[in-house]
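Subject: Structure handover and findings

Dear colleague,

I am passing on the structure we discussed, together with a summary of what was found in it. Please look through the coordinates first, and then read the notes that follow.

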Number of protein chains: 2
Amino acid sequence: MEPTSPGLMLDRETKANERPGDHKDELRLWLRMLTCSTLIETEIRNRLREEFRTTLPRFDLMAQLDKSSTGMTVGEVSQRLMVSNGNVTAVVAGLLADGLVDKRAATQDRRVQVLTLTAQGRKSFKAMAERHEGWIAELFAGLDQPEIGQLFRLLGQTKTSLHRAIAARANEATKGAA
Amino acid sequence: MEPTSPGLMLDRETKANERPGDHKDELRLWLRMLTCSTLIETEIRNRLREEFRTTLPRFDLMAQLDKSSTGMTVGEVSQRLMVSNGNVTAVVAGLLADGLVDKRAATQDRRVQVLTLTAQGRKSFKAMAERHEGWIAELFAGLDQPEIGQLFRLLGQTKTSLHRAIAARANEATKGAA
DNA sequence: CAAAATTATTTCAGGCCTAAAATAATTCTG
DNA sequence: CAGAATTATTTTAGGCCTGAAATAATTTTG
């Protein structure tokens, strides 16, 4: 394809420059990642429904509350789960109705609603979490420990890259609006 | 950190056997993967909305149709996108209303609905796809080419592992029902 | 060939999720 | 301290998504 006259040093660079506007590899990577996530998520949803008659959003919300002994506000939960406040309000409504979660206004700042698991909620979550961890292990059983570590590390870099790109874009938008 | 008394050979195995029922690494891996997927998906949703006044499900559906010159059935699309038939029906309804997609019963088998992009749909998709590819490249800009390749390969193994585990489970269920 | 089984799609009820507007409480500021 | 700005949450309107039931067309089978 190319004369290859000077040497090998630029191999990677020339390859990248062959098709300047081409980013098919990134696209294929993203589609594959999405496929993996979707497969896992769908399977976990199915198992939660079949074995525990519950849903993933409810499980995720309870998982957040389980990690905090003192309770969490609606805003904290929505940030952690990367969903809107309104969504947390709605999912919590269901958990309240089932007696799994407790909600009360903070005494000092009555705007804030503090959410905690009830005793029943903690017990229920414990049972689900144990099974859940097993399911995830089953799903990743085809990877050995070094591969898991490597994948974890690469996804860490990906996460950094994403935050960077998203922040850059947000900056652009702010600048434009000013 | 470790006594390292007998030798190095069993290092990995002893480590794995230390806590037999522990699968925290897999769990952490899954949560990190989910974070990455969610970040990308949310960002793409936002950009599609801001720049093209459209949604990700609509974009994804059009992407499938764009790949096929002869059109696709509702069932084929739902399989590819890993969503329910009913969902395809609903999203297609919106695209039909906007004149981006055409739907007609197949002549030989009138149960089957064949979906194709209209000329307007193809044109609209082309513009979005170009931008979309650029966005994905931006988001993954923090990874170099070898890292992208490695991540792609590891996710390939993950995908195989997932299919295997999901099929095994489905088998179990069938056996139980028989 | 007609009834039964299968296949493709749509409809339905209900939960998730969002952005934007509304509400409510607190803090800032003149 | 009162009005203004800020902060936390809820409400609302609307789209996505699912599983299960219903509908419609085709194929199988007795």
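The largest nonpolar core in this model, which is predicted rather than experimental, has 30 residues, and those with the most contacts inside it are A:L139 and B:L139. At least two residues of this core are supplied by each of α2, α6 and α7 of chain A, and likewise by each of α2 (24-52), α6 (119-139) and α7 (145-177) of chain B. Within chain B, domain 1 (57-140) and domain 2 (142-178) each contribute at least three residues to this core. As general background, nonpolar side chains in soluble globular proteins tend to be buried together.

If residues up to four places away in sequence are left out, A:L139 touches A:I40 and A:E43 in chain A, as well as B:S161, B:L162 and B:A165 in chain B.

Turning to the interface between the two chains, 48 residues of chain A are in contact with 48 residues of chain B. On the side of chain A that touches chain B, the elements giving two or more residues are α1 (11-18), α2 (24-52), α6 (119-139) and α7 (145-177) of chain A, and the largest share, 18 residues, comes from α7(A). Sorted by class, this side of chain A has 24 nonpolar, 13 polar and 11 charged residues.

The next point concerns the DNA. DNA strand D is surrounded by 23 residues, of which the closest are A:T73, A:G75, A:N85, A:G86 and B:P57. Two or more residues of the surface near DNA strand D come from each of α4 (74-81) and α5 (85-97) of chain A and from each of α3 (56-67) and α5 (85-97) of chain B, with the largest share, 5 residues, provided by α5(B). By class, the residues of this surface divide into 6 nonpolar, 12 polar and 5 charged.

Finally, a few words on the strands of chain A. Strand β1 (residues 72-73) of chain A runs antiparallel to strand β3 (residues 113-117) of chain A, and the two are joined by 2 bridges; here A:M72 has A:L115 in β3(A) as its bridge partner. Strand β2 (residues 101-105) of chain A also pairs with β3(A) in the antiparallel sense, over 5 bridges, and the bridge partner of A:D102 in β3(A) is A:T116.

With best regards

Key. Residues are numbered from 1 along each chain as its sequence is written. Chains are lettered from A and ligands numbered from 1 in the order in which they are written. This is a predicted model: local features need pLDDT of at least 70, side-chain atom pairs count only at pLDDT 80 or more; totals for chains, interfaces and linings use all residues. Two residues are in contact if their C-beta atoms, placed from the backbone, lie within 7 Å. Helices (H or I, at least four residues) and strands (E, at least two) are DSSP runs, numbered from the N terminus. Ala, Val, Leu, Ile, Met, Phe, Trp, Tyr, Cys and Pro count as nonpolar, Asp, Glu, Lys and Arg as charged, and the others, Gly among them, as polar. A residue is near a molecule or strand if its C-beta atom, placed from the backbone, lies within 6 Å of it. Two strands pair if DSSP finds at least two bridges between them. A nonpolar core is a set of buried Ala, Val, Leu, Ile, Met, Phe, Trp, Tyr and Cys residues joined through C-beta atoms within 7 Å. A residue is buried if 20 or more other C-beta atoms lie within 10 Å of its own, exposed if 12 or fewer, and partly exposed in between; C-beta atoms are placed from the backbone. Domain bounds come from an automatic or database domain assignment.
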